[in-house]
Amino acid sequence: MTDILYTGPIPAERGGELAMGGGRSETSALSGTEGGQGMTTTQNSQRPNACCFCWCCCCSCSCLTIRNEEERRRRRRRKRISQDTKMETIPNCEPCPKPSVEEIRLWSQSFDKLMRNPAGRNVFREFLRTEYSEENMLFWLACEDLKQEDNKSVIEEKSRSIYEDYISILSPKEVSLDARVREVINKKMQDPTPHTFEDAQLQIYTLMHRDSYPRFLSSNIYKSLVQGGSRTSSES
């Protein structure tokens, strides 16, 4: 009779495999026997769907408003400012006479009064610089300048410059605009006019009004000017 050779695992070896962790690697547990697949499927069914979780996060992020984006950037890069700001220390970006104490106080009554005053714009611009959002004022001023032009070639040149400086996503001075306004600008840039950036200018004006202006009124820059003006008037 022909001898039959036993080719299965030796009991001692099988015991050694069990002692070393069951003899199944993590890979074989995922792609091995039918029983192993059943166990893996059960475990996976009890885990939260990572893809769904990520999708929810992305959806939430996409719903962030422009104001929240501005706030996040401000908090990330904000720096402390001096307690003893004086009007003489504010860069005179727009030529203007020194404002009176009454003018400085009027700036707190409305954002429009602040923006209509050249000295007020200079002070507010300095405040925006401390928050690294000066580009909002620069863009607004550039749009105001464009509105004064009537020469077509100059309008095209200034429009292109404004687009490259404040609208292009490649610019370090890019302002925060929503997709709708950007689409409007891209269409208008095919034939620029003095009002090409009108919608964008209004959006940035609103952003400064709602987001930056309240912080400006409570800032050391503005408070120091008000207190300094009060001391000067009382001394005289």
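Where is the place of Gln 190? In this predicted model, in which local features need pLDDT of at least 70, side-chain atom pairs count only at pLDDT 80 or more, and totals for chains, interfaces and linings use all residues, Gln 190 is placed in the loop between helix H11 (179-188) and H12. Residues are numbered from 1 along each chain as its sequence is written, and side-chain values use heavy atoms, with hydrogens and water left out. Helices (H or I, at least four residues) and strands (E, at least two) are DSSP runs, numbered from the N terminus. Gln 190 has a relative accessibility of 70% and counts as exposed; the term exposed applies over 50% relative accessible area, buried under 20%, and partly exposed in between (1.4 Å probe, protein chains only). The C-alpha atoms of Gln 190 and Glu 156 are 9.6 Å apart in space, while the two residues are 34 residues apart in sequence.

Ser 159, by contrast, counts as buried, at 0% relative accessibility. Its place is in helix H10 (residues 152-167). When neighbours within four places in sequence are left aside, Ser 159 is in contact (heavy atoms within 4.5 Å) with Leu 146, Met 189, Pro 192, Thr 193, Thr 196 and Phe 197.

The packing of H9 and H10 was examined next. Two packed helices are described by the angle between their axes and the distance between the axes. Axes are lines fitted to C-alpha atoms, for helices over the stretch in contact, and angles run from 0 to 180 degrees between N-to-C directions. The axes of H9 and H10 cross at roughly 170° and come within 11 Å. H9 is therefore roughly antiparallel to H10, given that angles over 145 degrees count as roughly antiparallel, under 35 as roughly parallel, 65 to 115 as roughly perpendicular and the rest as oblique. On the H9 side, Glu 135, Leu 138, Phe 139, Ala 142, Cys 143, Asp 145 and Leu 146 meet Ile 155, Lys 158, Ser 159, Ile 162, Tyr 166 and Ile 167 of H10. By class, this contact has nine nonpolar, one polar and three charged residues; Ala, Val, Leu, Ile, Met, Phe, Trp, Tyr, Cys and Pro count as nonpolar, Asp, Glu, Lys and Arg as charged, and the others, Gly among them, as polar.

A pair of aromatic rings is described by the distance of the centres and the angle of the planes. Rings of Phe, Tyr and Trp (its six-membered ring) pair if their centres lie within 6.5 Å; planes under 30 degrees apart count as stacked, over 60 as edge-to-face and the rest as tilted. A search of the whole structure finds ten aromatic pairs. One of them, formed by Trp 140 and Tyr 205, is tilted, with 6.2 Å centre to centre and 35° between the planes. Because Trp 140 lies in helix H9 (residues 134-147) and Tyr 205 in helix H12 (residues 198-217), this pair ties together parts that are 65 residues apart in sequence. Trp 140 and Tyr 205 are both buried. The pair of Phe 216 and Tyr 222 is likewise tilted, since the ring centres are 5.2 Å apart and the planes stand at 45°. Phe 216 is buried, with a relative accessible area of 0%, and Tyr 222 is buried as well, with 6%. One aromatic cluster is formed by Phe 111, Phe 124, Phe 127, Trp 140, Tyr 205, Tyr 213, Phe 216 and Tyr 222.

Charged pairs complete the description. Side chains of opposite charge can pair when their charged atoms come close. With a salt bridge defined as a side-chain nitrogen of Lys or Arg within 4 Å of a carboxyl oxygen of Asp or Glu, the search of the whole structure finds twelve salt bridges. Glu 134 forms a salt bridge with Arg 125, the closest N and O atoms lying 2.7 Å apart, and another with Arg 129, where the corresponding separation is 2.8 Å. Glu 134 is buried at 14% relative accessible area and Arg 125 is buried at 15%, whereas Arg 129 counts as partly exposed at 29%. Glu 131 forms a salt bridge with Arg 215, with the closest N and O atoms 2.8 Å apart. Since Glu 131 lies in the loop between helix H8 (118-130) and H9 and Arg 215 in helix H12, the pair ties together parts that are 84 residues apart in sequence. Both Glu 131 and Arg 215 are buried. Salt bridges that share partners join Arg 125, Glu 126, Arg 129 and Glu 134 into one network.
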